[in-house]
Amino acid sequence: MCSGLIDSLFLLLLYFSIHHSASLSTYLNISMHSVNMKHILKWSQLQTACSTFNHTVQFQGEYELHKLNGSWVDAYDCQEIRENRCDLTHDLASNSDYSIRIKTNCDGQKSWTQLPKTFNRKDTVLLTPEMIVNVEGDPIQVGFNTTLSAITVKLKVWTEGDEQNALTDMTRAYPYHFSIAAHRGKEKMCFRAEALVDAINKSCSTDTQCVIMHKQTSDMPVIVSVAVVIALAVAFILGWSVTRFSPQIKHIICHREPIPSALKKERLEGVNDERIFIFG
């Protein structure tokens, strides 16, 4: 009877263990959110009451599946974490189909929950870059606001109504900026760009943006006119000053110091001596 009781308790413990493990998996609804090549794994909060818990994320690509006997790799930044998200951007670094799973540890009880289907980074959602066109100066400045990196941006420029003769420019250098020669004689210039993510060979395009090309008036005539007016005003003021204050200026520049009395006396005695010598 003791043996039967032990067997019954063992089966009961096994039953609760299985169902407790299953309950952990039931409440982890896993999903992958991938936008602009940034891959974030998210899952729901654990509903089971646990004194202590943590999550560990693992992934398995085609290489691990076929070359490494189906082994799993630990996600570097997502080991024994309490958060319900994991950034896998740097882990999922190839165009492979990845299986992803989460190990949950609740008070020492472990359970596994796997992403319902494999994930490939080629499925990422690309958001079209915001194209900013500045036509105030010359050349025209075209820039892009995007979180995408390691992309090729191709810019197409044409005069409105003449797209068949459009000019194309390309850059791979962040921050993806273009300087375009302005055609001020045209009414409108149109711009459209394509952003290509080379790693997955996937692209997205902006809407066409046409802008009015106002003719710019040069500021040089105004500057020259102002300079001439200032020069004439300075010349007039100087001329008037010389005429008005000429005596004072002459007095300051050519000021004569009075001859000391001793020198006057010596000069007078010298003159008398000369007279004595001449007429003596």
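# Reading the disulfides and a sheet

Author: A search of the whole structure, which is a predicted model, finds three disulfides.

Reader: Which cysteines are bonded to which, counted along the chain?

Author: With bonded cysteines counted along the chain, the pattern is 1-4, 2-3, 5-6. The pairs can be taken one at a time. Cys50 and Cys106 form a disulfide, Cys78 and Cys86 form another, and a further disulfide joins Cys190 to Cys210.

Reader: Which parts of the chain does the pair of Cys50 and Cys106 tie together?

Author: Cys50 lies in the loop between E2 and strand E3 (53–60), while Cys106 belongs to strand E6 (residues 99–106). The pair therefore ties together parts that are 56 residues apart in sequence.

Reader: Is Cys106 buried or exposed?

Author: Buried means under 20% relative accessible area. Cys106 has a relative accessible area of 1%, so Cys106 is buried.

Reader: What is the handedness of the disulfide between Cys78 and Cys86?

Author: The torsion about the S-S bond of Cys78 and Cys86 is about 100°, so their disulfide is right-handed. Their sulfur atoms are 1.9 Å apart, and both cysteines are buried.

Reader: Where in the chain are Cys190 and Cys210?

Author: The sulfur atoms of Cys190 and Cys210 are 2.0 Å apart. With 105° about the S-S bond, this link is right-handed. Cys190 is in strand E13 (residues 188–197) and Cys210 in strand E15 (residues 209–212), so that the pair links distant parts of the chain, 20 residues apart.

Reader: Are Cys190 and Cys210 buried or partly exposed?

Author: Cys190 counts as buried at 2% relative accessibility, whereas Cys210, at 34%, counts as partly exposed. Another cysteine, Cys204, is buried with a relative accessible area of 10%.

Reader: Let us turn to the sheet. How do strands of a sheet pair?

Author: Strands of a sheet pair through backbone hydrogen bonds, and the pairing is either parallel or antiparallel. In this structure, three strands form an open sheet in the order E1-E2-E5, with antiparallel pairing.

Reader: Which strands stand at the edges?

Author: Strand E1 (30–35) and strand E5 (85–87) stand there. Each has a single partner strand, so one side of each is left without a neighbour in the sheet. Neighbouring strands of this sheet are turned by 20° against each other on average, direction ignored.

Reader: How many bridges join E1 and strand E2?

Author: E1 and strand E2 (residues 38–43) pair in the antiparallel sense over six bridges. To find a point on this pairing, look at His33, which stands opposite Ile40 in E2.

Reader: How many helices and strands are there in the protein?

Author: The protein has five helices and 15 strands.

Reader: What share of the residues is buried?

Author: Of the 280 residues in the protein, 30% are buried.

Reader: What share of the contacts comes from residues 24 or more positions apart?

Author: Among contacts with a separation of 6 or more, residues 24 or more positions apart account for 62%.

Definitions and conventions: Residues are numbered from 1 along each chain as its sequence is written. This is a predicted model: local features need pLDDT of at least 70, side-chain atom pairs count only at pLDDT 80 or more; totals for chains, interfaces and linings use all residues. Side-chain values use heavy atoms; hydrogens and water are left out. Helices (H or I, at least four residues) and strands (E, at least two) are DSSP runs, numbered from the N terminus. Buried means under 20% relative accessible area, exposed over 50%, partly exposed in between (1.4 Å probe, protein chains only). Contact means heavy atoms within 4.5 Å. Two strands pair if DSSP finds at least two bridges between them. Axes are lines fitted to C-alpha atoms, for helices over the stretch in contact, and angles run from 0 to 180 degrees between N-to-C directions. A disulfide is a pair of cysteine sulfur atoms within 2.5 Å.
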